[in-house]
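Q: I have not looked at this one before. Can you take me through it?

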Amino acid sequence: MKIYFCGSIRGGRQDVSLYQTAVRKLQSYGTVLTEHVSHGELTDRGEGAGLQGDQDIHRRDVDWLRSADVIVAEVTQPSLGVGYELGRAVAMKKKIFCLFRPSSGRTLSAMIRGAQDELLQVQDYSEEDLENVLEEYFSQLRS
């Protein structure tokens, strides 16, 4: 199974430790195409500076989205890039699992929470439940 993991990069790296936990768990279900999102050395400046680098990242990531079987997105930290990826994934009719932590004090965008249907699910969770929430979702996917 190919898994596309979404997490904030240029929108802020405050949740990188959660991304690391999520990616480690997701690797037990398949290949995580975007494991670099969990790398601690990746800053909010992103991977590639400048127009050419940004265009290459966009091309690569859209190709990965097309090839993915499922998209998992941590959506607590607001991110234009994650929102864009989710919009593209919805248009591609991909299975999408969004994770949101109410304890952050934020309110999830209505455009994400309101998009729930048979392909897009939103799950509120706490940090200590992250691995269990992922396990439950992927066990349902397999059945």
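Q: How much space lies in the second largest pocket?
A: About 190 Å³. Keep in mind that this is a predicted model.

Q: What lines the second largest pocket?
A: It has 16 lining residues, and V75, P78, S79, L108 and S109 lie nearest its centre. By class, the lining has 8 nonpolar, 6 polar and 2 charged residues.

Q: Which element gives the most to that lining?
A: α3, with 4 residues.

Q: And the largest pocket, what volume does it have?
A: About 530 Å³. Its lining is made up of 24 residues, and those nearest the centre are I9, I57, D61, G81 and E85. The elements giving two or more residues to this lining are β1 (2-6), α2 (51-67) and α3 (80-91).

Q: Which of them has the largest share?
A: α2, which supplies 6 residues.

Q: How do the lining residues of the largest pocket divide?
A: Into 10 nonpolar, 9 polar and 5 charged.

Q: Switching to α5. Which residues are buried there?
A: L130, V133, L134, Y137 and F138. They lie on the same side of α5, because they cover an arc of only 125 degrees around the axis.

Q: What covers them?
A: The cover includes β1, α1 (16-26), β3 (70-74), β4 (95-100) and β5 (120-124).

Q: What about the face turned away from the buried side?
A: That face of α5 carries the exposed residues N132 and R142.

Q: How far apart are the end C-alpha atoms of α5?
A: They are 19 Å apart. At 1.5 Å a residue, the 13 residues of α5 (residues 130-142) should span 18 Å, so the two values agree.

Conventions:
Residues numbered from 1 in each chain as written. Predicted model: local features only at pLDDT ≥ 70, side-chain atom pairs only at ≥ 80, totals over all residues. Heavy atoms only, no water. 1 Å grid on protein atoms, 1.4 Å probe; cavity = no way out; pocket = protein on both sides within 12 Å on 5 of 7 lines; lining within 4 Å. Points joined across faces, edges and corners; volume = space filled by probe spheres on them. Nonpolar A, V, L, I, M, F, W, Y, C, P; charged D, E, K, R; others polar. Expected span 1.5 Å × (residues − 1). Buried < 20%, exposed > 50% of the residue type's maximum accessible area, 1.4 Å probe, protein only. Arc of directions from axis to C-beta. Contact = heavy atoms within 4.5 Å.
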